[in-house]
Structures are given as structure tokens and as C-alpha cells.
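Reader: Hi! Could you walk me through this one? I'd like to start with the pockets.

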Amino acid sequence: MNSKLDNKYILDAPENREFLKSVRDTLLSFGHQFPSPGGGSYYLGDDGTPWKDRNRETWITSRMTHVYSLGQFLGHEGSSELADAALKGLMGELHDDANGGWYAGLTCNNEILPTKQCYAHAFVILAASSGVLAGRPGAKELLDDALAVYDRFFWNEEEGLSSDTWNTEFTVCDSYRGLNANMHTVEAFLAAADVTGDEKYRVRAGRIIDQVLVWAENNNWRIPEHYSSDWVPDLDCNKEKPDDPFKPYGATPGHGIEWSRLIVQWASSYFKTSDPASAEAGKYFTAAENLFNRAIGDAWNRDGAPGICYTTDWEGNPVVHDRMHWTLCEAINTSAVLYRLTGKEQYKENYGEFMKYLDEKVLDHVNGSWFHQLDQDNNLLTTVWPGKSDLYHATQATLIPYAPIDISIAVAVKAVKC
């Protein structure tokens, strides 16, 4: 371990636990103004003030439901009411009563944002699962509805993967297929399996993972993100718009890191072992290490300043040098998870470096929360993620490092295991 690091950056040091608790408390307090009168989540500005001229989106509202369900377990004052407010939005203004499912969101003038997104529906499942654990009114009905809609429109049993986007009426499915939505589907399916006891969702998560690992291994552990309707990788997608917030060009190291963590969670829960020498689970644990190490090797400290580059090309050269806060969150999470899994000091050292970078560059010590986008010199940038839209990634990054690696975070927090 780097002896120069302050104890508050070192995994398992009491000072690190206290540091994360302080960060978490600040995050939960920062987000209190998110609910609109109808329950849809306002996009939060730099100081937590709602930007009411922006859309109220389903994925953000779902994340806030999840976060304040965690807040209830943590004893954060007002969390139950805030979770209920977001649930109101998911069961009310954001729900399509005519066609089923959830709108992508609503404009500030209450106009419907067209399309039905797999990404958003996966987050509704996550939100409802956490709400059920928290005993929030209506959460069970919401979860049942969300799973039924997802099963009908997004999950493809033959392919073992999910489609990405439908029109609002669920009559036309877009030809684009993507792994971002499938990644969050894995997260949602694992939560649903943990909460409902229905193991078919854990099996489905494994089927998605198996597909992803084939593509990853064939691309030197850089995961293709974008595909045609028959799942042929489109390696040049958005080359002319490389910093797209949801469909960036090239490899996204942050997603390689996030997949790594989810693979560990799935394999350790499905095979009921966290032994790296396991004949069945071990190959998945090795793949998780390969994904993490490829992403960190390609993107961490690659351009003369600390931070993880947003995207790289297929040879690992940075394309978009901006630092997104969510990527750091996942790096914190996954380095801790891999240390728990393997005991290898390199992951503990990675964690300490990420913690130091968080404290020195990414935490907003004045207004609270985390800066969502920095340039390659770690100056504030607002071209992709202005303001501080939600708390999901950052809150989880204060909890996952001390949670069991084989269960969903809401289950772990409710059981006071982290």
C-alpha cells in the first residue's frame, strides 16, 4: 500500500469508513429538492436546486427512488417520504396508462417524451425492488408491473438479450441494440431475483453476461457497445459524436469496470462461491479482472493528469478525455469488490488512488455532491453532464466497498452488512 496515502483513503481503515459516511450524508442531504409536484424527478443543478426547465425523466426518478430507499435503511431523515414522492411519479405521471410501461419522461410543459426505453424500464425494476425492501406503499405492485412489461417487450428469450427502444405505443421496435441497457438490466435482474426469490432473473443475467464476455474477449477486453438488430457490433457508431452521454463512440472504460463488478456479483451468487479457484465461477472472476485491468490500463492517468478518460478507440487510445463522475464511482466500487474477491493488494492500491482523486478533484466541497464532468485537466466541464442530475452512482460508491460481493446493494444495506 502506498505509504503516502492518508488513512481516510485506505480500504478497511476506520477513517475511510468515516470519510464515506460523511460523503454519503452530504449526498443524501443534497438531493432533497428533487421531487416535482407529480413525483417525477427534477434534474438537479450545481447546488441541488431543481432545474425546472429541464425534462423530468423516468431513469432519474427511478434512481432517486432507489437512493432514498437506501436512505431509509441508513436512517437518513426524510428518506421514506422522498422515496414515496418518486414512487408517486413512477406510478402516476410517468406511467403510460394507455399503452403500458413508462414514458422516457415529460417536458417542463408536461408533454410526453416519445419512445419506451429499455434503459429506463430496467431502472424502474431496480427502483421497485428497493421500494419493496423498504416497505413503501405501492412498490410491490410497481415491481410486478415493471417485470411484466419488461418480460413482454424487452426481453428476448431466444437471444438471451434485451432490445433497446420501442415507440411510445409499443408497436415498432428500433433496430438499434445496445449493451448499456443490457448492463443495467443485469443489475435490475439481480435485484429482482434477490427481492422476489425468482431465480429466472438471475439465470437471465447470466445469459446476458455470457454474450458480453464473448464480444469482450474477441476485442481484447474492450467491450463493443453498439449493435445492429441481429447483434452485429457497430464499432464506428457515433464516431462523429464521440462524447454522446448514452451512445459514445468506441470503448467506454467505465462500462468495462461496471461489467466487472456485476459479473462478480452474478457469478458469486449464481455458483454460491467467491473462491477464485472455483472451476465454474473462476472463469468469470478471471474475466472480471481482465475487464477491470484493461479499462484502468487504457484510461486511468493516461494523459498527464489523474482521472479516467470517458472513451478510447479499439486500440485503447483515449478519444474523449473528459472525466465523468460515474466512471470514478464504478472504479471505486469495483476495485474494492476485486480486492474482497482476490485479496490482491493492487486492487486495494487502486482503491486508495481513486479515493484520493475523489477527495481532491471530484467532490464539490462547497455545494455538495460530486462534479459530474471534468475536462482532462480536471476543470469543471458542462458539455455532456451539466449540473448534478442524480445521486445513484455516487451514493452506491459510498456503500458497495463495504458490502458483501454476492448480493444487491439494497439487500446488503437493509441487513446492515455494509
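Author: Happy to! The largest pocket holds about 300 Å³ of space. A pocket here is an open set of points on a 1 Å grid over the protein atoms alone, where a 1.4 Å probe fits, with protein on both sides within 12 Å along at least five of seven lines; lining residues have an atom within 4 Å of a point. The volume is the space filled by probe spheres set on the points, which are joined across faces, edges and corners.

Reader: Which residues are closest to the centre of the largest pocket?

Author: Tyr119, Asp164, Thr165, Phe246 and Lys247, out of 15 residues that line the largest pocket. Helix 4 and helix 6 (179-196) are the elements that give two or more residues to that lining. Helix 6 has the largest share, with 3 residues. Helices (H or I, at least four residues) and strands (E, at least two) are DSSP runs, numbered from the N terminus.

Reader: Before we go on, what sort of model is this?

Author: It is a predicted model, where local features need pLDDT of at least 70 and side-chain atom pairs count only at pLDDT 80 or more, while totals for chains, interfaces and linings use all residues. Residues are numbered from 1 along each chain as its sequence is written, and side-chain values use heavy atoms, with hydrogens and water left out.

Reader: Good to know. Switching topic: how many salt bridges are there in the whole structure?

Author: The search finds 22 (a side-chain nitrogen of Lys or Arg within 4 Å of a carboxyl oxygen of Asp or Glu). One of them joins aspartate 390 to arginine 63, with the closest N and O atoms 3.2 Å apart. This pair links distant parts of the chain, 327 residues apart: arginine 63 is in helix 2 (residues 58-74), and aspartate 390 is in the loop between strand 15 (373-374) and helix 12 (392-397).

Reader: Are aspartate 390 and arginine 63 buried or exposed?

Author: Both are buried. Buried means under 20% relative accessible area, exposed over 50%, and partly exposed in between (1.4 Å probe, protein chains only).

Reader: Nice. What about arginine 261 and glutamate 330?

Author: Their side chains meet in a salt bridge too, at 3.1 Å from N to O. Arginine 261 in helix 8 (residues 253-270) and glutamate 330 in helix 10 (residues 325-342) are 69 residues apart. Arginine 261 and glutamate 330 are both buried.

Reader: And which residue does arginine 323 pair with?

Author: Aspartate 303, with the closest N and O atoms 2.7 Å apart. Arginine 323 is buried at 3% relative accessible area, and aspartate 303 is buried at 19%.

Reader: Which residues touch the most other members of the largest nonpolar core?

Author: Tyr68, Ile125, Trp259, Ile332, Phe354, Leu358 and Trp370, within a core of 134 residues. Such a core is a set of buried Ala, Val, Leu, Ile, Met, Phe, Trp, Tyr and Cys residues joined through side-chain atoms within 4.5 Å. Helix 4 (residues 118-133) gives the most to this core, with 11 residues.

Reader: Last one: how many disulfides does the search find?

Author: The count is 0, where a disulfide is a pair of cysteine sulfur atoms within 2.5 Å. Cysteine 108 is partly exposed at 36% relative accessible area, whereas cysteine 329 is buried at 0%.
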